[in-house]
Amino acid sequence: MDIKIINAHVVTATDEFKGEIGIQKGKITEIGRKVLGKAGTVIDAKGKYVFPGAIDIHTHLDMPFMGETSSDDFETGTIAAAYGGTTAIVDFAIQAKGQRLRDAFETWMNKAKDKAVIDYGFHVAICDLNEDVLAEIPEMVKEGVMSFKCFLAYKGALMIDDGALFRILQKAHASGALVMIHAENGDIIDILVSDMIKNGKTEPKYHALSRPPEAEGEATGRGIAVAQMAGAPIYIVHLTCREALEKVKASRDAGFPTYAETCPQYLLLSYKNYEEPDFNGAKYVMSPPLRSKEDQAALWKALQMGDLQVVSTDHCPFNFKGQKELGRDDFSKIPNGAPGIENRVSLIFSEGVLKKRITLHRFVDIVSTTPAKLFGMFPEKGTVAVGSDADLVIFDPRKPFTISVKSNHQNVDYTPYEGMQGKGVVETVISGGRVIIDHGKLLAKPGTGRYIRRKPFKGSYL
Ligand code: URP
Ligand code: ZN
Ligand code: ZN
């Protein structure tokens, strides 16, 4: 065999055992108390956890947005992801106005092809619907695109109306794909933003004040209602507040297949960050915005109880210098988005498991297993089983960390988590049977990540 991991304390979403793992030709071929036979490489995981590689289903690498391009491309972004224990991402191919979905998909495939060091898939964001575009949905599904994103915000740019959302939900569901929504009321926000700017309210905190939680709650409820009318499941991205959570819970309680994610920034940062001096608040300008401490507590509770199913990052980095700064005199010109691809696993382990907000198994579930199940990658990914891809993380649960832009590998000049401390550090990362991170050393080669041809949605049991 190629690799044998000995003294492994394996943790999955459901199981926990000590033993050995054998890896051959990129797959897990054996698991047992002892795995017989010689291996090219033997890794001793004594005292460490072995998890399935984490999966981040919400990233924006090399994405043109608000006149800028997100600062991580598929090389720097996937290297940073690997350092943080993520072995697969699903990024967004964004349809430009008048563009065919296939062209958007191919554009993003070309961005990733020679650069990615971990496996990657794509959702396609449909921003300009017509009959031809609708007919392309099953064509995209044949390419392994099993999810489509619709924006109910960013009026005049990415936003679509309810009729278009309804048609996309119907067609995507009939084709075996899941629809995801960015749920904020773009019409109302558009008015609030221009009123604020007119009244001289230009600092970063007005970004948050022009995007109230009610605008998110309304759009979440509306998106869910449209999905119910279309007879389709729905997935809410980057959910931030109690107003939206109530809508998700009510829909799930009524038996509708409704799913939602949140992100570390909404669990750990708050509105207060926008009030940091010297335009520092711009670092946290993202949509939806950061909320209150009470919202953070509600999100943790929802992860614990199963009302939220996934934690992804919405990694969308823009440099403070030269990019965020463009909005010094007008918050609506600050490119929306923040980095986080590298820090999700350690942060959620430390703040979630060690602070007893979620169990160890729930942690694996929300960062790896459920994302794999909902987005057509299970059981090849998201678990540790014979036949699964050899995407594994060897994790030291006792090692302390301090997050800093100086030690991070993301191609961006700040981190919103600067100075944050905790315990739980990624030691070794195996992706497709290749050791790509070894005690902080990068061994991966650009272009070795593979495109993930995902399978049809069948998540209604989650
Ligand atoms: O502010 C954000 N979230 N930027 C990325 C685009 C999106 O809405 O997901
Ligand atoms: Zn969004
Ligand atoms: Zn996003």
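This is a predicted model: local features need pLDDT of at least 70, side-chain atom pairs count only at pLDDT 80 or more; totals for chains, interfaces and linings use all residues.

Residues are numbered from 1 along each chain as its sequence is written, chains are lettered from A and ligands numbered from 1 in the order in which they are written, and side-chain values use heavy atoms, without hydrogens and water.

**Exercise 1.** Find which residues coordinate the zinc ion (ligand 3), and say why the arrangement is irregular.

*Solution.* 
- Step 1: Look for donors (N, O and S atoms within 2.8 Å of the metal, or 3.2 Å for Na, K and Ca; water is not among the atoms, so sites may look incomplete).
- Step 2: His58 (NE2), His60 (NE2) and Asp314 (OD) coordinate the zinc ion (ligand 3) at 2.0 to 2.1 Å.
- Step 3: Along the chain, the donors of this ion are spaced H-x1-H-x253-D.
- Step 4: The 4 donor atoms subtend angles of 87 to 136°, which makes the arrangement irregular. Four donors count as tetrahedral if all angles lie between 85 and 135 degrees; four count as square planar and six as octahedral if opposite donors are over 155 degrees apart and all others between 65 and 115; anything else is irregular.
- Step 5: Another ion, the zinc ion (ligand 2), is 3.8 Å from the zinc ion (ligand 3).

**Exercise 2.** Are His58 and His60 buried or exposed?

*Solution.* 
- Step 1: Buried means under 20% relative accessible area, exposed over 50%, and partly exposed in between (1.4 Å probe, protein chains only).
- Step 2: His58 has 0% relative accessibility, so His58 is buried.
- Step 3: His60, with a relative accessible area of 5%, is buried.
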